[in-house]
Every structure is written in structure tokens, then in C-alpha cells.
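Here is a brief report on one model.

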Amino acid sequence: MQGNLDTPDPDRVRGYFMPPGGKTGRFTTGTRPVLLYNQRTVKPVDMIYLDHNATTPMAPEVMGAMQEVVSEQWANPSSIHRLGQLAKRRLEGARERVSAFIGSEPDEIVFTGGGTESVNTAIRSCLRERSDRRLVVTSQVEHSAVRELLEDLEPTGVETLKLPNDSNGVVDVEALSKLLAERGDETALVSVMWANNETGVIEPVGRVGALCREHGVLFHSDGTQWVGKMPADMSSMPFDMLSFAAHKFHGPKGVGVLYTRRNTPYHSLVIGGGQEGGRRGGTENVPGIVGLSEACNLSEAWFKSGGPDHMSSVRAGFEDGLLEMLPDACINGREADRMWSTTSVGFPGLESELVLLMLSEHGVCASSGSACSSGALKPSKVIEAIGRQPCQVADVPYGAVRLSLGRETTSEELAKATTIIGDVVNRLQEDRDGVSVQRTEQLDPS
Ligand SMILES: Cc1ncc(COP(=O)(O)O)c(C=O)c1O
């Protein structure tokens, strides 16, 4: 017998969800009970979710706002009739809200399909508008949205220079200063991320942007891991362009923003239709954009309540607990300023994928700093850029387990996770060769 919302068949109950409007429901699409969901955070209660840098659960308030648009303001905002204008009003209201959230003006906001699209638009736009300049300066620790785009542009004559960084992954601003003094007039753009997605390390984007201004070079920052998690104010930051995405801070997936300072040269990536003032073609995703603006409201309230400071101390307690349990573990980027959201940790002699699979088996959701391609485990470019880690042992590829917190992560959850991580890592290290693993200070340092 197949269940339905009102009379679910217990064998087919897959989870609980919170429909907009507040009543808890159950959905019954599965064939066996899998996950119980917490009503408020819409996340499974029997899992500890430490993968918020990958994505966050949508807030119920965001779902509520989106549902209203889906059912009531669903018309095309470019239509001149009354229904179209209702949708248009929601769209422009959201634009004002998002622009206020980052201290900018409404006409400086272009809605996109997410972080990757914003980054692609920014870089291609600068290269197109500064067509006499073919050099792009970036860092070695960028997200693949920047890194792979620049690799793809190489055959078209675009030259990429990656700034050196210290052992935490912080870019060398002095090197940038020298480079711009020598080659500033060849540089179409500098692109340096605000906060690193793998380690949480915060880059000195204020100083980078100031140098770019001094040399008349455009500056774009990938703020996908910053915006919504920490306050951002474009009126005081020297950015020409800033990319970010709603799903990193409890908004919907597939919606992003490219902030573009007024009078910055701009060329649309998506052509056709003339939406977004000709800066991004295609009918706007009004429900998603309204969801994004609601996510901004929630983040703003959370900032005001002291959320980031609270989470910084929660994270500090978590790392202390981890190191107490696993003194050989090393935390990447620990000496640098880091986002409260991220702990990147390496365990001597263990491939991160194995740790992640075991953690998942025991109810902890995390990610690695490694990408698996064509069946081969490749070390993360970010961890590679940081340099050889004390956690690398012999021929085991050094990876990192990224444990990323959300604003609703609690110390209690983290204490449970610490015990699970400790047990898993100790067991894997013992299984590996039957003995405790030595720190790499004693290993060949070459
Ligand atoms: C730093 C950074 N940039 C860009 C992206 C891409 O964002 P999206 O998945 O919204 O395209 C991500 C997502 O993981 C990210 O962490």
C-alpha cells in the first residue's frame, strides 16, 4: 500500500519536512524509512552535518518567502500587465534588500545562477572590456570556478600569474605590489578570493584591492564563502566586483549575485532578452531571488545577535577537543585569520576519502580537500599550495578533511562528532600498519 501525506505508510516514510506555513508533514516517496528531519533546520536528526561550505539547508523562512512567490507572484517580471508588475515589484524589492545587505546600491546588483556563473561573468567581462590587456593575476588557492576558467582561457592568449602564498595559504601582497609596478598596464584583472572554501583562511582582500586601485587595475573577489557568514560592506571595501551565492547561507541553490561597482566596465556573459539591465539575459528566477533576499535578512539578524563571535568560540572549542583527542592531527591554516565556519584537518598517513567514508558510516557528514578524478586520488590544489604538511606520511597523498560548521551547529553536536572522529581515525591508523603513526618530523623531509 502506498502512503500519502495524511496517512503515511510507516514503511515508506522517508522523512519529515516543514511546509511553508509551519505545519510539519511527512513525505512518503521512499521505500523504507531513511532519515528523520529536524523541523526547524530541516536536517536529519541522526546525522551531524559538518559540510556547510558545500551547501546549507534552506531556512524555513526562505522556503516560506519562495512559496509565496511561486503561488502568487509567478508571472514574468518583464511583462507589462499587472501580474507581471507584481513579480517585478518582488524582484526589485529583493534587489534593494540584497544591495543594502552588502552596503551597495540596487543598480550594482546583478542576479545570476550562482557563484560559478558570477565568477565566470566577472573574469570574462573584464577581459572583454580591457581587450588590450591579457594578464590575469590570481592566487594558487582559488576555487575551481576561477582556476579552471583561467586554464580554459589560456589557449585564447590569456596569461595567468598566480601569486605566491605563505604556509597558511595567505597571498603575498608585497609580490602583488611588485608585479603591478612592473606589469600593471598589462593586467586586465586581479581576482583573489575573500575566504577559502577548503581552509577558511581569510585573504587580505582590502590590501589587494587598494593596490589594484593605485595601479588602475580592476579587482574581483570570490566572496562565496564570506558573504552571509560575515558582514560585507562594499561602501568601504575596494572591490570592483564581488561574487557570491545564496545556498552558502541558508538560501536556495542556483541563485547568485555579481556585485559590480557603478561605472565598472561590464559585458554580459548570458546574452539575450536584456534582463538585469542587459547584464544577464534570461527570465529572472524570482522565487530564488526572493529566497536569497530572505536569507540576507536572516544573516543580518544573526550578525546583530553576535552570531559570528559565538561561532568562533564554538569552533575554537571544537578544535581544542579534536587536538586533545588526536594530538598528531594538523589543522591547515591555523596561524592565519580564518572563518568561524571551517576546520581543515589532516590525519597522519590517512587518505581523507577513507576517513570521510567511515565518518559517513558513523553519521558525520564532511568533505575532503581532494578531488577524485578518473579513479585517481589527487591532492587538493589548495593543500598543495600550502606546501608539504606534517600530516603527510610517506607515499600517502596528503589530503584534508574539511569540517564546516553552520550557524546552527552546536557544541553538543561537535562534542559527539569529536568522539566519532577520534574513534574512526584511531582505528584507521591502527589498522593501517598495526602501529601508531609517527609524526612526519621523523620522516624524510624532502
Ligand atoms: C569559494 C567558492 N567559489 C565558488 C563556488 C561555486 O558556487 P556555486 O556552487 O554556487 O556555483 C563555491 C562553491 O563551493 C565556493 O566555495
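Ser368 stands opposite Val401 in E19. The model is a predicted one. Strand E19 spans residues 401–404 and pairs with E16 in the antiparallel sense. Their pairing runs over 2 bridges.

These two strands belong to an open sheet of 4 strands, ordered E13-E14-E19-E16. Pairing in this sheet is antiparallel. Strand E13 (330–331) and strand E16 (367–368) are the edges. Each has a single partner strand, so one side of each has no neighbour in the sheet.

## The seven-stranded sheet

Another open sheet is built from 7 strands. Their order is E6-E12-E11-E10-E9-E7-E8, and the pairing is mixed. Which strands stand at the edges? They are E6 (109–112) and E8 (159–163). Each of these has a single partner strand, so one of its sides is left without a neighbour in the sheet. From one strand to the next, the twist averages 20°.

Within this sheet, E11 (residues 241–245) and E12 (residues 256–260) pair over 5 bridges, in the antiparallel sense.

## Helix H6 and its cover

Helix H6 covers residues 205–214. Its buried residues are Val205, Val208, Gly209, Leu211 and Cys212. Seen down the helix axis, they fall within an arc of 160°, so they line one face of H6. In general, an α-helix has 3.6 residues a turn, so residues three or four places apart point the same way.

What covers the buried residues of H6? The cover includes helix H5 (173–183), along with E9 and E10. Just after H6 comes Gly216, with a positive phi of about 65°.

## The ligand shell

How many residues surround the ligand? There are 13, and the closest are Gly114, Gly115, Thr116, Asn197 and Ala245. Helix H3 (residues 115–129) gives the most to this shell, with 3 residues.

By class, the shell has 8 polar, 4 nonpolar and 1 charged residues. Ala245, one of the closest residues, lies in strand E11 (residues 241–245). That strand pairs with E12 in the seven-stranded sheet.

Note on methods
Residues numbered from 1 in each chain as written. Predicted model: local features only at pLDDT ≥ 70, side-chain atom pairs only at ≥ 80, totals over all residues. Near = placed C-beta within 6 Å. Nonpolar A, V, L, I, M, F, W, Y, C, P; charged D, E, K, R; others polar. Pairing = 2+ DSSP bridges. Axes fitted to C-alpha atoms, helices over the stretch in contact; angles between N-to-C directions. Buried ≥ 20, exposed ≤ 12 C-beta atoms within 10 Å, placed from the backbone. Arc of directions from axis to C-beta. Contact = placed C-beta atoms within 7 Å.
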